[in-house]
Amino acid sequence: MLIPFTKMQGAGNDFVVLDETRGRLPLTPAHYRRLADRHFGVGADQVLSVRPAPAPGVDFEYVIHNADGGEVEQCGNGARCFVRFVCEQGLSDKRRLRVQTLSGVMEPRLTDDGRVTVDMGAPVFDLPRVPFEPAGLAPEPAGPQGDWQRWPLPLGAATVPVVVLSMGNPHAVQIVGDVDAALVAELGPRIERHPAFPKRVNAGFLQIVDRRTVRLRVYERGAGETLACGTGACAAVAAGIRLGLLDATVDVHTRGGLLAISWAGGDARVSMTGPAVTVFHGQIELPDTL
């Protein structure tokens with residue numbers, strides 16, 4: 001079968017975007033893996049599907065598959081690319097959309113400067129909803145400025161304290177002194193598959209430059225390290241604010257670009273602004289079965 005696609009990127013986090021508004025493509029997890037494969041397919045961190053609205057009150061459904069073929073709840077950089085794709089393809093003339101995801105409804109919007117702002121919803125710190133099962137683990141007490149705890153994760157010879165939360169998908173954020181020297185390739189996959197996270201987890205490595213500036217690397221669940229992670233940036237900033245280390249608006253420098261994150265705390269919703277770029281359009285021939 002011949003599959004039309006659009007290649008897009010948001011701060012270096014890259015995607016294959018599929019238009020399924022006129023009909024569902026008969027794709028399996030193996031097909032998604034092939035599309036994301038950088039040698040035998042198009043190459044991407046995630047495959048994004050644009051589908052018709054599943055219910056009144058929303059404009060589209062947004063479906064995300066990681067490079068390993070598994071469907072996941074949320075992707076913030078992908079959401080920015082989603083709204084730009086929909087507008088560029090003439091699927092909607094709205095500058096603000098309501099989009100149904102596996103984790104709920106989100107509202108991305110085009111800004112006047114060409115970037116995209118996404119209402120990412122409120123961070124979730126309720127451990128069962130992350131989900132996080134800390135059996136046998138004990139949290140560190142909150143610091144003098146913060147109001148949230150870190151959980152020491154045993155990783156063989158090392159123990160890594162992480163802040164646990166969800167931004168529609170699970171995150172474990174650790175503070176590091178130098179993000180360039182962080183052991184992302186070594187610790188990332190071990191954190192991702194730690195038994196305390198029944199649905200696996202995205203592992204964030206956060207360096208705090210000052211109260212309004214951070215540097216971040218993320219080892220993403222099902223994709224490995226990516227050049228940027230939108231939900232990871234939101235989670236990292238929320239974690240830093242809860243620890244009393246960051247202000248309410250923070251510039252997040254990733255290896256792929258800059259993301260601006262704002263969170264007022266409490267039940268407030270997180271706002272993320274960043275780039276969304278179309279790279280090229282194409283077609284790929286895939287076997288009916290893989």
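Tutor: Take the contacts with a separation of 6 or more: residues 24 or more positions apart account for 61% of them. Contact means heavy atoms within 4.5 Å. Keep in mind that this is a predicted model, where local features need pLDDT of at least 70 and side-chain atom pairs count only at pLDDT 80 or more, while totals for chains, interfaces and linings use all residues. Residues are numbered from 1 along each chain as its sequence is written, and side-chain values use heavy atoms, with hydrogens and water left out.

Now the parts list. The protein has four helices and 18 strands. Helices (H or I, at least four residues) and strands (E, at least two) are DSSP runs, numbered from the N terminus. The radius of gyration is 18 Å, close to the 19 Å that the globule rule gives for 290 residues, so the protein is as compact as a globular protein of that length. That radius is taken over C-alpha atoms, and the rule is 2.2 Å times the number of residues to the power 0.38. Along its principal axes, the C-alpha trace spans about 55 × 40 × 35 Å.

Next, the surface. The accessible surface comes to about 12000 Å², and 50% of it belongs to carbon and sulfur atoms. Such areas come from the Shrake-Rupley method with a 1.4 Å probe; for residues, only the protein chains shown count as cover. Of the 290 residues, 54% are buried. Buried means under 20% relative accessible area, exposed over 50%, and partly exposed in between (1.4 Å probe, protein chains only).

Here is the part for the close look: helix 3. Its buried residues are Val 184, Leu 187, Gly 188, Ile 191 and Glu 192. Seen down the helix axis, the buried residues fall within an arc of 130 degrees, so they line one face of helix 3. The arc is that of the directions from the helix axis to the C-beta atoms. What covers that set? The cover includes strand 9, strand 10 (158–166), strand 11 (170–175), strand 12, strand 13 (213–220) and strand 14 (224–226).

Zoom in on Gly 188, which sits in helix 3. Gly 188 counts as buried because its relative accessibility is 0%. Leave aside the neighbours within four places in sequence: Gly 188 is then in contact with Leu 183, Ala 203, Phe 205 and Tyr 219. Compare Gly 188 with Gly 282: the two are 94 residues apart in sequence and 33 Å apart in space, C-alpha to C-alpha.

Follow the chain on from helix 3. Arg 200 lies in the loop between helix 3 (184–192) and strand 12 (202–210). Phi of Arg 200 is near 65 degrees, a positive value in a residue other than glycine. Arg 200 counts as partly exposed because its relative accessibility is 23%. Ala 11 also has a positive phi, near 60 degrees. The place of Ala 11 is the loop between strand 1 (2–10) and strand 2 (13–19). Ala 11 is buried because its relative accessible area is 3%.

For contrast, look at another helix. Gly 230 is found in helix 4 (residues 230–242). Gly 230 counts as buried because its relative accessibility is 1%. Not counting residues up to four places away in sequence, Gly 230 touches Gly 76, Asn 77, Leu 259 and Met 272. Gly 230 and Ala 268 are 38 residues apart in sequence and 18 Å apart in space, C-alpha to C-alpha.

Then visit the loop between strand 8 and strand 9, where Asp 147 lies. Asp 147 and Arg 242 are 95 residues apart along the chain, yet their C-alpha atoms are separated by 5.7 Å. Not counting residues up to four places away in sequence, Asp 147 touches Ala 142 and Arg 242. Pro 131 is found in the loop between strand 8 (116–119) and strand 9 (151–155). A cis peptide bond joins Val 130 and Pro 131, with omega about -5 degrees.

Now go back to helix 3 in your view.
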